[in-house]
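Time to open the notebook and look up a few things.

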Amino acid sequence: MSHQVQAVALTCVDYRFRLPFQKFLAGLQLTEVDHIALAGGAKGLLSPGAVQDELFANFEIAFNKHAVERVILINHQDCGGYGGSGSFAGLDAELDFQRAQLRQAVSTLGVRYPEKRIEAYLGRLSEAGEASFEKVI
């Protein structure tokens, strides 16, 4: 039996963002969410192949079995799926790159699912380890 879920969210597996992610969704008043976690998050949508196919299969289940109309993509700073912060020339370069990745992922999903509401957010960590989320799209 199918039921309606408020959104499907694709995030990274990084433990540092697990609880902040849940609090962030609650702040968006999203309590029933299908959650897809993959190292690199939205990165998996950007290259055709087995990983992208598996992600699309997961989205199809959320859309068809749970009547999901809203998609939330969340990437984050210092993501191991992208080699961590040390792989970038600096924080601004890293954040700009992540924003571009999210925009490209939204575009990829939007072409395939133009009827869905797709949002993207970038998770950041403060010096104290506190997480915050910036809306990209």
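**Notebook: one alanine, then the rings**

I looked up alanine 7 and found it buried, because its relative accessibility is 0% (buried is under 20% relative accessible area, exposed over 50%, partly exposed in between, with a 1.4 Å probe and protein chains only). I am working with a predicted model, where local features need pLDDT of at least 70, side-chain atom pairs count only at pLDDT 80 or more, and totals for chains, interfaces and linings use all residues. Residues are numbered from 1 along each chain as its sequence is written, and side-chain values use heavy atoms, leaving out hydrogens and water.

I placed alanine 7 in strand S1, residues 7-11 (strands are DSSP runs of E, at least two residues, and helices are runs of H or I, at least four, numbered from the N terminus). Among its contacts beyond four places in sequence I noted Leu30, Val68 and Ile72 (heavy atoms within 4.5 Å).

Next, the rings. My search of the whole structure gave 8 aromatic pairs (Phe, Tyr and Trp rings, the last by its six-membered ring, with centres within 6.5 Å; planes under 30 degrees apart are stacked, over 60 edge-to-face, the rest tilted). Phenylalanine 56 and tyrosine 113 are edge-to-face, because their planes stand at 65 degrees, with centres 6.2 Å apart. Phenylalanine 56 is in helix H2 and tyrosine 113 in the loop between helix H3 and strand S4, so the pair ties together parts 57 residues apart in sequence. I found both residues of this pair, phenylalanine 56 and tyrosine 113, buried.
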